[in-house]
Structures are given as structure tokens and as C-alpha cells.
Amino acid sequence: VLTGVEGVQSQSITVDRQMKRYHVPRVAFVNKCDRSGANPLRVAVMLKEKLNHNPCVMQIPIGLEDKLEGVVDLIKMKAYYFKGENGDDMIETEIPDNLKDQAQEYREKLVDCCADFNDEVMEKAMEGNYNDIPEELLKSTIRKATIDLAMTPVFMGSAHKNIGIQKLLDGVADYLPDP
């Protein structure tokens, strides 16, 4: 768990060192994206620079700081809004027009990240078919790379407002080893 404002801090480095020592697969959650100065995409870059991870952004935020409403899932290419008293109601919709270009850009980065671990994904990426890759193929590729400690899927949201938590839990089930 990293904060959207500070990013990778000293305790993150300590925890990461222990996880590497014991070969523990991980996903990253960039929390507090509702706080002033939050930049979860910068934090994903910090994972590479400070911890030498291969971060793979799984989502982009819909709004930031006090305008955070949800996330765009780059696997499903759908927008998820979290409504209700405690953000319990997850609503799936189409990606807002103002985020379609950014979502496509990060979808291509996600596919390129997966292409390093799966020849079928690589072939489709080289053909430019970034949106024609089956969801299950991407998920299985990400799961294998995560368990092999070769990739760190990056999720984002706000635990305080319960934004993105359901998608994070789906990611834990999809990409981490079965207990």
C-alpha cells in the first residue's frame, strides 16, 4: 500500500526488501488518491525507480483529489464508479469521453507489459490489436508474471471513501497465489 501523494517511502522499501527475501508475490495499491496533490501514475513510476519493480498499471483514476469518483479498468476497458453511503455500490459504465485517449494509451502500455511474458499477447501487440486480446489471456499472463515476481500490478483508489477497493480485491483474487 502506497500513498498517492508521498509514493514510495522508507517503510515501503523495508517491506519490499522482506517480500523479496521470502519471494512473496505482490500487487500495489496506491491509496489516498482523494487527497490534495495525489498522482497515482507518478507513484507507479516510483515503483520502478526506487524499488526496481516492473509496475503494470491496471487502472487509471476517474478524477483526482476531491473529484475522485472511480477508476477505469484497463483489462475490461470499462469505467467503475463507487456510489452509495460508503462507496458500496459499484456501477460499471462506458469510459467517459475525456478519458478514452488516456485509457487507450495505458491499455497499450498494459498489453506491452504483458507481451514480455506471453508470445500470443506479443503477436497481437505487434499487429496493433491492443483491444482484441481476450480478457482471460491478459489475466492469466499477469497472474503468472506476478507469481514469478516479474510484474507488480498497480491498482489505485481511496480506502477512506471505499473507491477502488472492490477492484483491488478482485485483483488479489485474480493475480495472487491461491491461499
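**View 1. Lys139, at 15% relative accessibility, counts as buried and pairs with Asp174 in a salt bridge.** Buried means under 20% relative accessible area, exposed over 50% and partly exposed in between (1.4 Å probe, protein chains only). The N-to-O distance is 3.3 Å; a salt bridge is a side-chain nitrogen of Lys or Arg within 4 Å of a carboxyl oxygen of Asp or Glu. Asp174 lies in helix α6 (residues 165-175) and Lys139 in helix α5 (residues 135-147), so the pair ties together parts 35 residues apart in sequence. Helices (H or I, at least four residues) and strands (E, at least two) are DSSP runs, numbered from the N terminus. Asp174 is partly exposed at 29%. Lys76, Glu135, Lys139 and Asp174 are linked in a network of salt bridges. The model is predicted: local features need pLDDT of at least 70, and side-chain atom pairs count only at pLDDT 80 or more, while totals for chains, interfaces and linings use all residues. Residues are numbered from 1 along each chain as its sequence is written, and side-chain values use heavy atoms, leaving out hydrogens and water.

**View 2. Glu94 forms a salt bridge with Lys78.** The closest N and O atoms are 2.6 Å apart. Glu94 is in the loop between β7 (89-93) and α3, and Lys78 in strand β6, 16 residues apart. Glu94 counts as exposed at 54% relative accessibility, whereas Lys78 is partly exposed at 22%.

**View 3. The charged end of Lys167 sits over the ring of Tyr80.** Its distance from the ring centre is 4.1 Å; the criterion is NZ of Lys or CZ of Arg within 6 Å of the ring centre and within 35 degrees of the ring normal.
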